[in-house]
Amino acid sequence: LWAAESNAAPQLKVAVVQLRSSRDLAANLAHITNSIHDCARLGARVVVFPECALSGYFADAVTNLSTAQLVDAARQLGEACCEAGVHAIVGTAWHEGGKLFNSALIFAPTSKVIERYDKIHLSESWPAPGDRLFVFKVDGIP
C-alpha cells in the first residue's frame, strides 16, 4: 500500500499474458478468463492481453463475429475481472456505430468496461480507425 507520508513510489503489479488466439471465440474467452484468475492469484492488479486476443486476428473470422457475440464475451470477461478483483486490458474486434474496430477493452474489478481504445494507426484492412487516446487510473496510478 502507498501512504501519503511514505517516500516510496506507489507500485502496481501488472501481468502480461502472451497467447496465440484462434478463430474460436469460446476457446479464446476460456483461455483469457482462466489467465485472469491465474494472474490474480499471483497478485496482479492488472492483466494485459495482446491485440485481438479475444476475437483472434484473422480477417475472415473477425469480420464474421456478431455484435451480440462480442458483447456477451465482454460481459463474461467483466464477470471474470469482478470475481478475480482485477483490471484487465483485452484486445478484440468491436462493433460500434455500424463500424468494426480493432479495440482494447479496459475492464474494472466492478465488471464494467471503463474505457475502449480503438486502434488509430492501422496496418490491416478490416477495421475503421479510432480517433482518440486516453489515460485511466488503477488504484490511483495513471
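Analyst: What follows is a set of questions and answers on this predicted model.

User: How many salt bridges does a search of the whole structure find?

Analyst: Side chains of opposite charge can pair when their charged atoms come close. The cut-off here is 4 Å between a side-chain nitrogen of Lys or Arg and a carboxyl oxygen of Asp or Glu. Searching the whole structure on that basis gives a count of ten.

User: Which parts does the salt bridge between Arg23 and Asp60 tie together?

Analyst: The closest N and O atoms of Arg23 and Asp60 are 3.3 Å apart. The two residues are 37 apart in sequence, so the pair joins separate parts of the chain. Those parts are the loop between β1 (14–16) and α1 (25–41), which holds Arg23, and helix α2 (residues 59–62), which holds Asp60.

User: Is Asp60 buried or exposed, or in between?

Analyst: Buried needs under 20% relative accessible area, and exposed needs over 50%. Asp60 has 43%. Asp60 is therefore partly exposed.

User: What separates Asp38 and Arg41 along helix α1?

Analyst: Their side chains form a salt bridge, with N to O at 2.4 Å. Asp38 and Arg41 sit three residues apart in helix α1. That spacing means a separation of about one helical turn.

User: Which helix holds both Glu79 and Arg75?

Analyst: The side chains of Glu79 and Arg75 meet in a salt bridge at 2.7 Å, N to O. Glu79 is partly exposed at 36%, and Arg75 is partly exposed at 42%. The two are four residues apart, about one helical turn, in helix α3 (residues 67–84).

User: Which residues are linked in a network of salt bridges?

Analyst: A network links residues through salt bridges. Its members here are Glu51, Lys119 and Glu124.

User: Which residues does Ile32 contact, leaving aside neighbours within four places in sequence?

Analyst: Ile32 is among the core members that touch the most others. Contact requires heavy atoms within 4.5 Å. Beyond its sequence neighbours, the partners of Ile32 are Leu19, Phe49, Ala53, Leu54, Leu77 and Val90.

Methods
Residues are numbered from 1 along each chain as its sequence is written. This is a predicted model: local features need pLDDT of at least 70, side-chain atom pairs count only at pLDDT 80 or more; totals for chains, interfaces and linings use all residues. Side-chain values use heavy atoms; hydrogens and water are left out. Buried means under 20% relative accessible area, exposed over 50%, partly exposed in between (1.4 Å probe, protein chains only). A nonpolar core is a set of buried Ala, Val, Leu, Ile, Met, Phe, Trp, Tyr and Cys residues joined through side-chain atoms within 4.5 Å.
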